[in-house]
Protein chains: 2
Amino acid sequence: MNGVTASDGPAASPNGTGAPRRRGRPPAGESAGTRDRILDAAREQFSARGYEKTSVRGIAKAAGVDSALVHHYFGTKERVFEAAVEVAFQPVLDQRDSVVEGPLDEVGERMTRMIIGLWENPVTRAPLLAIVRSAVNNDAAAAVFRRLVATQLLRRVAGQLDRPDAELRAELAAAQLVGIAMIRYVIRVEPLASADPEDIVRRVAPVVQGHLTGP
Amino acid sequence: MNGVTASDGPAASPNGTGAPRRRGRPPAGESAGTRDRILDAAREQFSARGYEKTSVRGIAKAAGVDSALVHHYFGTKERVFEAAVEVAFQPVLDQRDSVVEGPLDEVGERMTRMIIGLWENPVTRAPLLAIVRSAVNNDAAAAVFRRLVATQLLRRVAGQLDRPDAELRAELAAAQLVGIAMIRYVIRVEPLASADPEDIVRRVAPVVQGHLTGP
C-alpha cells in the first residue's frame, strides 16, 4: 500500500460535506490509497478482535489516520465492517458466476471447490474468519453475512435450480460447507483439520450436489 | 455433578450474599445450591456475552456471591466455562448412547434428530449458542468444544462404524449439522431459519447417514 501525503486529513476533503463517500470517485491526491489502507486495517482488526471489540478509533490508529477520516469515508462502524467484508467477499463474487454457469450436474463440485479454495488460501481465510467470528456474535454483522451470503451467492445458485425449494436446497448445501469451515478452520478439530483438501472435495462434492439437484 | 451435601437451599445459608471472603472449605448446607447458582449465572453470562466479555466478577455478581467463592469452587474462568458447558452438554451425553446403540442403518436419523432436537428446545439452545459463540472467538473455549464434541460424542459414534476413516466420517456428518445450526439458529438465514424441523430431518438424515456408512 502506498504512503500517504499530509493532505489526507479531513480538512483536505474536497466537498467538505462530511457525507460518507463510500463508492464515489476518489479526490485528487492519494485518497484511494487512504481508503484502501483504512479497509486493510479494518480487515485486520475485525479478523483479530471480532466485530464487538473493534473500534473505529482502533482502525484509524492502525491505518495511521484520524478517526474523523474513517467516519468521513464510511460513516458508522457497521459500514466500515460492511465495506471491509465486501472487499474480502469479492473473490467469492468473482467466482460466483463460474459456479453458477457450468453444467448443472457438476455445480456441487464447483461450489465445494470454491469454498474450500477460499478457506485454504491464507489471504482469503483471514477475512472469512473475521466474517464468521463477527456474524456469530453480533446482529449487525450477522445481517451483513445474510445479505452477502444469502442474497449475493445462494440465491444466484438457487436461481439455476428451477425448483420450488431451491433456496432451501442451496442453504442446506451451504450448511455442509459452513460446518466444514467451522470444524476444520475455526475450531480445528482433528482429523478434519489436517485432512487433504482433495479428499474433502471428493467426499463432500457429491453431498452438495445431492442437496442442490437430488430427489 | 456436585459432590457436596444435599441439604442446600437459601434458608440454610449461614450468612448473606455479602459474606466476607471464604477461601476454605465451603460451609455445610449451602454448597450444592451455591455451586448450581454460580453455574446458572455462568451459563447466562456466557450465553449473553460470550466467553471473552464474561468475567468471574460478573458471574459472581449475577449469582449473588463473592468472586472468591467462584474461584474457590472452580479456579479459573476457563474452568467455570468448562463446568457450565458440561452441564449444558449433559443432554447430548445423555442421548449419546441412544444414538450409538440403535441399528447402524438408522444412526444418521438418530444423530440428526438429537442435534436438531437440542437446538429446537429453548432450554438447551441457549447454552449451545454460548458454546458456539465462545468457541468461535476464544482458544480456551474452542479447546473445551473439541474435547466435549470430538472426544465425548464423535469418537463414540465413530467407534461404532468399524472403518479406518471413521473419525473423519463422523466429523463430516457433524459438519452438516453444525452448519445447519449456524445458518438456522445462529445467523438465522431464511428460508432455513423458518423451515419445519421435520422437513429438515427428512432432508438431512440421509446425508448424515451417507457420511457415516456410505461408500
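## A buried ring and its neighbours

Ring pairs join A:Phe46, A:Tyr51 and A:Phe81 into a cluster. The charged end of A:Lys77 sits over the ring of A:Tyr51, 4.4 Å from the ring centre; the term needs NZ of Lys or CZ of Arg within 6 Å of the ring centre and within 35 degrees of the ring normal. In chain B, the charged end of B:Lys77 sits over the ring of B:Tyr51, 4.4 Å from its centre.

## How the model is read

This is a predicted model, in which local features need pLDDT of at least 70, side-chain atom pairs count only at pLDDT 80 or more, and totals for chains, interfaces and linings use all residues. Residues are numbered from 1 along each chain as its sequence is written, chains are lettered from A and ligands numbered from 1 in the order in which they are written, and side-chain values use heavy atoms, with hydrogens and water left out.

## Aromatic pairs

Another stacked pair is that of B:Trp119 and B:Tyr185, with 5.2 Å from centre to centre and 15° between the planes. This pair links distant parts of the chain: B:Trp119 belongs to helix α5 (residues 107–120) of chain B and B:Tyr185 to helix α8 (residues 166–186) of chain B, 66 residues apart. Both B:Trp119 and B:Tyr185 are buried.

## A chain built from helices

Chain A has nine helices and zero strands; helices (H or I, at least four residues) and strands (E, at least two) are DSSP runs, numbered from the N terminus. Of the 215 residues in chain A, 52% are buried. Among the contacts in chain A between residues at least 6 apart in sequence, 68% join residues at least 24 apart, a contact being heavy atoms within 4.5 Å.

Helix α6 (residues 122–137) of chain A has 16 residues, and its end C-alpha atoms are 23 Å apart, which agrees with the 22 Å that it should span at 1.5 Å a residue. That expected span is 1.5 Å times one less than the number of residues. The buried residues of α6(A) include A:Leu128, A:Leu129, A:Ile131, A:Val132 and A:Arg133.

Over residues 55–74 of chain A the chain is 80% helix and 0% strand, with end C-alpha atoms 13 Å apart.

In chain B, helix α2 (residues 56–63) has B:Val56, B:Gly58, B:Ile59, B:Ala60 and B:Ala63 as its buried residues. Just after α2(B), B:Gly64 takes a positive phi of about 70°.

## Backbone details in the loops

Most residues other than glycine have a negative phi, and most peptide bonds are trans. A:Asp162 is not a glycine, yet it has a positive phi of about 55°. A:Asp162 lies in the loop between α7 (139–159) and α8 of chain A, and is exposed, with a relative accessible area of 72%. B:Asp162 also has a positive phi of about 55°, and is exposed at 74%.

Which kind of peptide bond, cis or trans, runs from A:Glu190 to A:Pro191? This bond is cis, with omega near 10°, and A:Pro191 lies in the loop between α8 (166–186) and α9 (197–213) of chain A. A cis peptide bond also joins B:Glu190 and B:Pro191, with omega about 10°.

## Two copies together

Chain B can be laid on chain A with an RMSD of 0.1 Å by a turn of 180° and a shift of 0.0 Å along the axis. The two copies are thus related as by a two-fold rotation axis. For this, copies are superposed by least squares on the C-alpha atoms of residues with pLDDT of at least 70 in both. The copies meet through the same surface, because 100% of the interface residues of chain B are also interface residues in chain A.

How values were computed. Buried means under 20% relative accessible area, exposed over 50%, partly exposed in between (1.4 Å probe, protein chains only). Rings of Phe, Tyr and Trp (its six-membered ring) pair if their centres lie within 6.5 Å; planes under 30 degrees apart count as stacked, over 60 as edge-to-face and the rest as tilted.
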